[in-house]
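Please read this note with the model open beside you.

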Amino acid sequence: MSCISRAVDVFEEYDAFLRTAHNPNMRFILSNTTEAGIVYEPSSRMDDRPPAGFPAKLARLLWERYQTGLPGYIIFPCELIADNGGTLRDCVLRHARDWGLEAGFFRWLEEENAFCSTLVDRIVTGYSPEQAGAVAEATGLEDKLLDVAEPFAQWIIEAPEWVQGEFPAEQAGLPVRFVADHRPYRERKVRILNGGHTVLTPAALLSGHTLVRTCMADRGLRNFLDGALFQEIIPTLSLPRAECEDFARAVEERFDNPYVDHRLMDIALNSVSKWRARVLPSVEAFHRRQGALPLRLVFSFAALCALYSRGEGEGCPVRDEPAVLDFFARRQADGPEALVAAFAARVDFWGRDLTELPGFVPAAGRAMARIRADGMAAALEACGKEALK
Ligand SMILES: NC(=O)c1ccc[n+]([C@@H]2O[C@H](COP(=O)([O-])OP(=O)(O)OC[C@H]3O[C@@H](n4cnc5c(N)ncnc54)[C@H](O)[C@@H]3O)[C@@H](O)[C@H]2O)c1
Ligand SMILES: O=P(O)(O)OC[C@@H](O)[C@@H](O)[C@H](O)[C@H](O)CO
């Protein structure tokens, strides 16, 4: 990694962090603080060193910049949340209002800064000690910023035209695409790629797989994923069907990359909020449009429930919010139907009561009973047959 000239630790070197606002060459700010990073922290104060939370730190930096009289920034958040640019701007504005900053700052913020919503698509898996050793041996260098990524990459940026002029990444041959509205691309990527991961992962772990790529050669899992993507997710998307199908085919090829070891347990982290954000919207849209349930997506809910209710010692422990882990710890004796019904009723997990979705609980309960009684392979086959009826 040779493109990074220096790093400033905002906790250890707060003054140096603020001094970066005085650098006239600094024009772009990128963030990638995970979905949890773009949050408004009501306790953040302007004179905290540093204020808590990423948006408050950014608000403080912007205030510093404003005072210098230099032009503002072009800000590219990369976190996988809806409208990351607008959400980040809203958090910054709330902090600025809390801190009672002057009216001129708000005008400068709106007129001289661009908060662009962006969407990054690249499978980045981290590396194993063996891979790090091999790179160190080949290069003679120990690279602490080492990472492993697939060759595919796409960065969708929604920005005013003048931003494209200042950031001509497309002309530099980079996989960047400027669009007028990032939302359909986000919907397609989150529902097909991330949704595909979330749908596949519990079934795959319960089939004994540890990596995404080996699932693609497992006929039962591959048929399940195909059916979920092409029959149940794509019909709910707003971009043209052919474009979505091309994207889904490319995603399956990416999952099949023999050089990428994407660990299913990594994808499984916080599966409940992922299922809510990445799969539930497809279930709801399918139900609205077709008046029926997408049975493979419902099956993925049952498989998630089966994975999380697995006894201790049966594979790696799942990692999720304490409320989720507590729910399953208290319900170890439940049968499949009762467990699925109680899980579906948790409005705090799903943002709504899923037992109100007609047929959802009986279908998921049946699927989970099959998974427990007959094993994952047989349950997947039964699901495929039922979905084709
Ligand atoms: N890994 C991927 O394949 C991939 C691909 C596309 C998009 N993304 C998105 O990129 C984001 C980051 O993913 P990642 O895999 O790099 O995660 P990561 O956990 O490897 O890295 C996140 C970094 O953000 C830092 N961070 C967390 N909270 C912060 C805060 N409040 N302020 C400043 N820094 C903070 C963490 O210390 C960590 O270094 C996520 O939103 C993810 O959805 C990831
Ligand atoms: O990174 P997460 O844990 O939010 O989600 C797991 C994967 O779905 C994700 O990392 C994808 O590989 C990535 O979003 C591809 O662009």
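The points below cover the basis of the model, then the sheets, then the ligands.

1. Basis. This is a predicted model, in which local features need pLDDT of at least 70, side-chain atom pairs count only at pLDDT 80 or more, and totals for chains, interfaces and linings use all residues. Residues are numbered from 1 along each chain as its sequence is written, chains are lettered from A and ligands numbered from 1 in the order in which they are written, and side-chain values use heavy atoms, with hydrogens and water left out.

2. Helices (H or I, at least four residues) and strands (E, at least two) are DSSP runs, numbered from the N terminus. Three strands form an open sheet in the order 1-2-3, and their pairing is parallel. Strand 1 (28-31) and strand 3 (114-115) are the edges, each pairing on one side only. Two strands pair if DSSP finds at least two bridges between them. Strand 2 (residues 74-77) is joined to strand 3 by two bridges. Here I74 stands opposite A114.

3. Helix 2 (residues 54-68) lies across strand 1, strand 2 and strand 3. Contact here means heavy atoms within 4.5 Å. Helix 2 runs at about 170 degrees to strand 1. Axes are lines fitted to C-alpha atoms, for helices over the stretch in contact, and angles run from 0 to 180 degrees between N-to-C directions.

4. The loop between strand 1 and helix 2. Two backbone features deserve a look. T34 lies in this loop. Its phi is near 70 degrees, a positive value in a residue other than glycine. P50 lies in the loop between strand 1 and helix 2 as well. The peptide bond joining R49 and P50 is cis, with omega about 0 degrees.

5. A second open sheet runs 4-5-6, with three strands and mixed pairing. Strand 4 and strand 6 are its edge strands, each pairing on one side only. Neighbouring strands of this sheet are turned by 15 degrees against each other on average, direction ignored.

6. Its pairings. Strand 4 and strand 5 (residues 154-158) are antiparallel and share five bridges. V120 has W155 in strand 5 as its bridge partner. S117 is bridged to E158 in strand 5. Strand 5 and strand 6 (residues 176-179) run parallel, joined by four bridges. I157 stands opposite F178 in strand 6. Helix 7 lies across strand 4, strand 5 and strand 6, at about 30 degrees to strand 4.

7. Ligand 1. Which residues are around ligand 1? They are N32, T33, T34, E35, F54, E79, L80, V120, R122, I123 and V124. A residue is near a molecule if one of its heavy atoms lies within 4 Å of it. This shell divides into five nonpolar, three polar and three charged residues. Ala, Val, Leu, Ile, Met, Phe, Trp, Tyr, Cys and Pro count as nonpolar, Asp, Glu, Lys and Arg as charged, and the others, Gly among them, as polar.

8. Polar contacts of ligand 1. A polar contact is a pair of N or O atoms within 3.5 Å; within protein, one must be able to donate a hydrogen and the other to accept it, and residues adjacent in sequence count only if both atoms are side-chain atoms. The side chain of E35 has an N or O atom 3.0 Å from an oxygen atom of ligand 1. A polar backbone atom of T33 is 3.3 Å from a nitrogen atom of ligand 1. A backbone N or O atom of L80 is 3.3 Å from an oxygen atom of the ligand. On its own ligand 1 has 830 Å² of accessible area, and the protein covers 51% of that. Accessible areas come from the Shrake-Rupley method with a 1.4 Å probe; for residues, only the protein chains shown count as cover.

9. Ligand 2. The residues around ligand 2 include E35, V120, R122 and I123. The whole shell divides into three nonpolar, three polar and six charged residues. Taken alone, ligand 2 exposes 400 Å², of which the protein buries 80%. Strand 4 (117-121), helix 7 (183-206) and helix 12 (271-278) each give two or more residues to its shell. Helix 7 gives the most, with four residues.
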